[in-house]
Amino acid sequence: MTTGSSLRLACPADYLLSRDFCSYGYFLLAPNRWDTESQRFSTVLTLPDGVVTVTVSQGASRVAGGRSAPRRRSGPPGVPGAPLRVVCDRTLDRAEQAAVKAQLVRMLRLDEDAKTVRGFHKVDPRWKKFGRGRLMRSTSLFQDVVRTVTSCNVTWPSTVHMNERLCAVVGGGAFPTAKKLKRTRASTLRARCRVGYRDKRLVQLADLFASGAIDEDRWTSPETSDDEVFKALVELPGIGPYAAANIMQLLGRYGHLPLDTESVRHGRVVLGMEGTHAEVMRRVGEHFAPFGEHAFRSYWFELWDFYESRRGPSWLWDPETTGKSFTANQL
DNA sequence: GGTAGACCTGGACGC
DNA sequence: GCGTCCAGGTCTACC
């Protein structure tokens, strides 16, 4: 039996894999796979010379039976700040190892300054004790944009299905690259990936990314204003105000709220707001405005807290049941 | 600038 | 098993 490369990935002192990986719905999307028993995840990454499946763990943090890692009472398992162990299914050279690390750092936001998280806790201390502050995202901006488009105008199970099909049909197991998606016929995306009317928009987006028309560095630069990025995003095919605001947070710009029907549900059920759909949506925006540049995280962790109050801790959600079945209007 | 309706899919429901 | 209805954000035509 051949063994692959094993890498060690340092992470910030506050980083806790079980809590911080299972902090955003994309952790349930293919090719990601969270294992609730071993409290580690696997995913498939694309490298210049092929794909690699990696399994990522943080110390020994098994939760069901057997030898267990220290588990804080009523908290997520694991030891914050412990380095991550990345096991690959094949041997990688140095350049490939660096590429794997870079993708995981982006996905887990390990490069996000701990000061930013502390700043968030200062503005909204409700999450300090539990340590919530970091949000999981994709290994690339392209993935984040495509996933956002597949989450628009559908219930969550359809988003899960579209991502599974995109990986299986176009990506060969991994999430499709912009180059691959660009070369895919819109009719194939519609018929085999069930993306519906999003077919042409996805190909156009892939073309923009593959051709270098998207200036990601500019969008992440502190020199570029939020408004400028937002305006550029809504120019993209398939991206409206909701999707743009969501991509903003995925870029690390947390000042905008992606307001949708879920925001309205939250406003009514959790915040006790009344009025029409439009009125509640506006009030939710106003409610979180005082959190300023941290507004999205305050909003999102309230939502996530509500989901966990109904479905249990996210690091124990079974991807085959909870992860696929739950939709906001059923909670 | 604001609004109505089309765009698609999958799930729920009734028969 | 089939038909109907509904949820969901973006886009376009129209006022």
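The model is predicted, with local features needing pLDDT of at least 70 and side-chain atom pairs pLDDT 80 or more, while totals for chains, interfaces and linings use all residues. Residues are numbered from 1 along each chain as its sequence is written, chains are lettered from A in the order in which they are written, and side-chain values use heavy atoms, without hydrogens and water.

**Stop 1: the cavity**

Select Pro31, Asn32, Thr43, Val44, Leu45, Met107, Thr139, Gln143 and Arg147, which line the largest cavity. A cavity is a set of points on a 1 Å grid over the protein atoms alone where a 1.4 Å probe fits but cannot get out, and lining residues have an atom within 4 Å of a point. The count is one cavity of 30 Å³ or more, and the largest holds about 40 Å³, the volume being the space filled by probe spheres set on points joined across faces, edges and corners.

Next colour β3 (40-47) and α4 (141-150), the elements that give two or more residues to this lining. Strand β3 supplies the largest share, three residues. Strands (E, at least two residues) and helices (H or I, at least four) are DSSP runs numbered from the N terminus.

**Stop 2: DNA strand B**

Now select Ser158, His161, Arg190, Arg194, Gly196 and Tyr197, the residues around DNA strand B; each has a heavy atom within 4 Å of the strand.

Key
1 Å grid on protein atoms, 1.4 Å probe; cavity = no way out; pocket = protein on both sides within 12 Å on 5 of 7 lines; lining within 4 Å.
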